[in-house]
Amino acid sequence: MKDNLLIQILLLFAPLSFLTIGGGQSIVADVQRQTVNVHHWMTDSQFLNLFAVARLTPGPNSLLVTLVGWQVAGWGGAILASLAIFGPSSLLVYALAKLWERHNGALWQKAVEMGLAPVAAGMILASVFVLLRSMQGGLLAWAVALISGTVLLFTRISPFILLGGGALVFLCLRH
Amino acid sequence: MDSTELTGTTQPGLFKIFIVFTKIGLTSFGGGLSGWMMLEFVRNRRWLSETEFLSGLALAQAFPGVNVVNLAIWIGYRMGKGPGALVAVLGMVVPAMFVAIGVFSIYSKLARFHVTNILLAGIVAAAIGLSLQMGVRAARRAASSVVPIAIMVITFVAIFAFRLPLVLVVCVMAPVSITAAYLRLRNKTVAK
């Protein structure tokens, strides 16, 4: 049963490894759909807890996937999930780094860079709205996310201040 | 700033590469990681020229994989070929992984309290704002003409409104978009 679970984790995240275009943000929507709706490994709010911890702690935010693995199947799950999400794409990029050096400035290089950009942008924004839709916070959550996003766009403020501010706003208005 | 000739003069050892990436992995709270890496590798340590770093960044963003992990591989590869790339990724991911799991296990104990959940919801909402501003920046950069804007909107609607699986959406949209970009670039070259 446990082995089965580990294999499921591997099969779930390895293909997603190739889809983490942009930041790790682009796959959040799908990780949520698979773990909550398809596999029923956790509830929406459990998932959001993992998301928050992944954002709070330093390092790549895709460590969300590591945490999902840990929550579902302990250390084995964490290690397998990390290997699955970072491994395949890393090997691909390693191969491409070599290729890139050889064909510097080719037309196809620019086409791939240009072509992936709008797809990544659409994915990142969709992930944002999928997350907000699944949040229990309602209008307040949308407002905090919008304000924090806007502030970050126009200032060089530390994100930590905004995370603290979000916590404070929720504490004052919902407690 | 022309620092091209600096490259190659400083060849850090594998252990040094590992330590520097660990430092980045453990101090990079909340995002903006690539800017931080640029400061560390270009300005502080001069392991790379600005041009080298930026072309690496473009590659890391354009290709599948997590940006910062891709960038670590690219820089690590430049510093120490295959082994360099490996220690760079391990340094960035593994220590941060232990921290995340550690924080989370404290979290699940605190999660029983009502206040914790409220605070957490506020933090999550603000953290979604980080993704939002990144999405807006990415959109702004990508929205150069009608075709990329259309591709962006279709991708968004397919995932958010129609709730289609990501794999499907990307497998359709990426080839279309890359082909469109290729044709656009080729026409531009022909026109010249």
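These legends walk through several close-up views of a predicted model. Residues are numbered from 1 along each chain as its sequence is written, while chains are lettered from A and ligands numbered from 1 in the order in which they are written. In this predicted model, local features need pLDDT of at least 70 and side-chain atom pairs count only at pLDDT 80 or more, whereas totals for chains, interfaces and linings use all residues.

**View 1. Chain A is built from seven helices and zero strands.** Helices (H or I, at least four residues) and strands (E, at least two) are DSSP runs, numbered from the N terminus. Along the principal axes, the C-alpha atoms of chain A fill a box of roughly 60 × 50 × 25 Å. Chain A has 175 residues, and 54% of them count as buried. Here is how burial is judged: a residue is buried if 20 or more other C-beta atoms lie within 10 Å of its own, exposed if 12 or fewer, and partly exposed in between, with C-beta atoms placed from the backbone.

**View 2. Helix 2 of chain A covers residues 28-38.** Its buried residues are A:Val28, A:Ala29, A:Asp30, A:Val31, A:Gln32 and A:Thr35. Look just after helix 2 of chain A to find A:His40, which takes a positive phi of about 55°.

**View 3. A:Ala54 sits in helix 3 (residues 44-56) of chain A.** A:Ala54 counts as buried because it has 25 C-beta neighbours inside 10 Å. Leaving out residues up to four places away in sequence, A:Ala54 touches A:Asn61, A:Leu63, A:Leu64, A:Leu67 and B:Ala100. Such a contact means that the C-beta atoms of two residues, placed from the backbone, lie within 7 Å. A:Val68 is 14 residues from A:Ala54 along the chain, and their C-alpha atoms are separated by 10.0 Å.

**View 4. Chain B meets chain A through 80 residues of chain B and 91 residues of chain A.** On the side of chain B that touches chain A, two or more residues come from each of helix 1 (14-27), helix 3 (50-62), helix 4 (67-110), helix 5 (114-142), helix 6 (146-160) and helix 7 (166-191) of chain B. Helix 5 of chain B gives the largest share of this side, 24 residues. The residues on the side of chain B that touches chain A divide into 62 nonpolar, 16 polar and two charged. For this count, Ala, Val, Leu, Ile, Met, Phe, Trp, Tyr, Cys and Pro are nonpolar, Asp, Glu, Lys and Arg are charged, and the others, Gly among them, are polar.

**View 5. Helix 1 of chain B packs with helix 4 of chain B at an angle of about 45°, their axes 7 Å apart.** That angle makes helix 1 of chain B oblique to helix 4 of chain B. Where these two helices of chain B touch, the residues divide into 18 nonpolar, six polar and no charged. Angles under 35 degrees count as roughly parallel, over 145 as roughly antiparallel, 65 to 115 as roughly perpendicular and the rest as oblique. Axes are lines fitted to C-alpha atoms, for helices over the stretch in contact, and angles run from 0 to 180 degrees between N-to-C directions.

**View 6. B:Glu50 belongs to helix 3 of chain B.** B:Glu50 counts as partly exposed, because it has 15 C-beta neighbours inside 10 Å. The C-alpha atoms of B:Glu50 and B:Val170 are separated by 32 Å, and these residues lie 120 residues apart along the chain.
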